[in-house]
Amino acid sequence: MSLDGFNTEDLSNLRGAWTDLDQVEVRPDRGFSARNVRVRPGRVRTRDGYVTALAVGGKVTSMHQWLTSALNRLIYYEGTGVKMKNLATGDAALSLFTLAGRGASVSEAGDKAYIAVYSDAGLGAGQARFVNPTIVGVPVDIAFQAPLQAVPVITATGAGLCTAGAHNFGYVIESRSGFPGAPAPVTAGGVHAPVSFTVAAGGKALNMAVTISVTAPPVTLYPIMTRTDNLEKWFYTGDSYLCAVAGSIPVSIAINRSDEDLALGVSADPNFGYLVQSQAGAGPFSPSVLVPYNRRLCYIVDNKVYISDIDDFEVVTEDRHVIQIPGKRRIVTGFPLRGSLYTLGPGWTYVSSDDGNDPREWPVPQEVSAAIGTSSPTGVAWKTAGDYAWVAHESGLWLFNGQYSEKPISYQNSDFWRRINWAIPGAVQVRENVREQCVYVAAPLDAATEPSHLLVWYFGQGMAPFTVDFNYDDFAFGTFSSMCMVQDQVTGASALWLGPSAAGSILKQSIGTRSDNGAAINCPYETGFLLGDQFGVKRFGAVELGVAGAGTLELTAYGQDRTESAMLEPIPLSAAPGRSYRIRFSLNNENLFLRLATNAVGSWFDLTGIRTYWKPYLRNR
């Protein structure tokens, strides 16, 4: 068949898919479907595949890379506990602790990482822990240590400066996390039980002797005492004793401070309000999400946010360190942005601001939105390339920069978004790939309870819903359970890692890999209608493709109503073809779109342009 007399229509600005086409005007450059491909300006190509990064014995529902100049760790929730892998050395993963839940929230604090575990419902599953890999053995401690019951003995050792009269004595234990703790000694019920001692006339030098059990060294003991004029007002004496080893440690500390010296020193009164574990080991609260903010650490606990002192991440009190949203709404998660702290619930967002005072003195939280928030503790990505965040709400994926965008960037793909199963909120996770300029949403679609699809929006050509490019990934291995951007400490390159939904392997995306851990990548791409004018029947005679790749590219031409189609001759792909491919066929319809696909291990395509050959169809000629 000769192509003489045929018109040509070129399409070179290939874009992502607009799948909810009832909302938009059909455009030739927008695809109907983009599965397991990546869209970049002017091209659509098969996505990179995945290889094994780490073998695991169970489902991995959360991952966090802890990367500094001195360490590179992956902290992940596997099965019913938290583990840590040294990515720099490749040593075997360490089991940090066991606590039943859905996943773990991690916040870095210098050489320590604080960890909270949340449930399927997004609530706190137990006490916060912290890990310090710089200490031999990589110990894990429960935060907010309880005061000790060991009772000190006070004796006079000779003439000295301590003011004559009755004093009360106690001590504070600073844990190896740096938490100063609540005053000791206490009773078995946790009630403070100070020791009384009367200093003889003329003043004396004193000694405090106490034997304490140290299980998590190093710890430091600080004596505290009252003045004679007020036995309820407490001061640090300025003395200390470092316990550098574990065991039963006899401590002996000289105390030689007058009441006047005490008054000029540091008050220990605030310590009495610190929230700590009970003597039975119960925590003061069970946080679900940890959020770093302005050198503070925020613990989200149901309808409260406990916000620590600056640089003292375990110093929180019930009366000075709590903020709540008006109406005491449940808080799901939060994030810092532009110097403010944003807290979110299932259908609302509020903002708070640190003014340097105790959190109770901060301005009342202000409402940002009464309709948009998130029900997932992992439904926000705030570690992004700019001063913005991504928020996953039942209505869509929203861009947030202090206020929400007019429409979600998922607007043109609302049919996909409506399929997300929000029954287990923690299964919905959001991450940004800074290098690739795209945002990922791990989503359980339809009846799935673990992520079945990876929804991807490329925003390199703009962050509005009409400028982003959408595609989605699915996998031959089925569902997965978590994702994390992991940076190579040497090269600086980042790759997406996927946690499995059953025992197997954590996978990492590998540039140039053309399979998913050995399985074929099924990547069909459906163009939009290749002709903008949809009116009048046309005769289509050929298409010409600018395409490179490997394997065989299967082609199907569809008419406007998808009931008419033509199987085209497959194209044997080449990585450097040096020419375009022209495929002849005959199809009469108002418009035309193409389905291009590869589905074999090692196969891939990179499509850069399409030329369509057509002419008006005259029935009597």
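Author: F285 and Y299 are both buried in this predicted model. Their ring centres lie 5.5 Å apart and the planes meet at 50°, so the pair is classed as tilted. The two residues come from distant parts of the chain, 14 residues apart: F285 belongs to the loop between α1 (259-263) and β22 (289-293), and Y299 to strand β23 (residues 296-301). Both also take part in a cluster in which ring pairs link F144, F179, Y274, F285, Y299 and Y306. The structure holds 32 aromatic pairs.

Another of these pairs is formed by W390 and F459, with ring centres 5.5 Å apart and planes at 40°, so this pair is tilted. F459 is buried because its relative accessibility is 7%, which is under the 20% limit.

Rings also meet charged groups. R419 lies over the face of F416, at a distance of 5.5 Å from the ring centre. Likewise, the ring of Y558 has the charged end of R562 above its face, 5.3 Å from the centre.

Strand β23 leads on to the charged pairs. It contains R296, which is joined to D354 in the loop between β28 (348-353) and β29 (366-369), 58 residues apart. This contact is a salt bridge with the closest N and O atoms 2.8 Å apart. Both partners are buried: R296 has a relative accessibility of 4%, and D354 one of 18%. The whole structure contains 30 salt bridges.

In the salt bridge between R227 and D229, the N to O distance is 2.6 Å. R227 is buried at 19%, whereas D229 is exposed at 53%. A further salt bridge, at 3.9 Å from N to O, joins R514 and D48. These two are 466 residues apart, R514 lying in the loop between β39 (504-510) and β40 (523-526) and D48 in the loop between β4 (43-46) and β5. R514 is partly exposed, with a relative accessible area of 21%, while D48 is buried at 15%. Salt bridges also link R38, R47, D473 and D516 into a network.

W497 in β38 is the bridge partner of C484.

What remains is the state of the cysteines. The structure has 0 disulfides. For C523, the nearest cysteine sulfur is that of C438, 17 Å away. C523 is buried, with a relative accessible area of 0%, and C162 is also buried, at 1%.

Conventions:
Residues numbered from 1 in each chain as written. Predicted model: local features only at pLDDT ≥ 70, side-chain atom pairs only at ≥ 80, totals over all residues. Heavy atoms only, no water. Disulfide = S-S within 2.5 Å. Buried < 20%, exposed > 50% of the residue type's maximum accessible area, 1.4 Å probe, protein only. Phe/Tyr/Trp six-rings, centres within 6.5 Å; stacked < 30°, edge-to-face > 60°. Helix = DSSP H or I, 4+ residues; strand = E, 2+ residues; numbered from the N terminus. Lys NZ or Arg CZ within 6 Å of the ring centre and 35° of its normal. Pairing = 2+ DSSP bridges. Salt bridge = Lys/Arg side-chain N within 4 Å of Asp/Glu carboxyl O.
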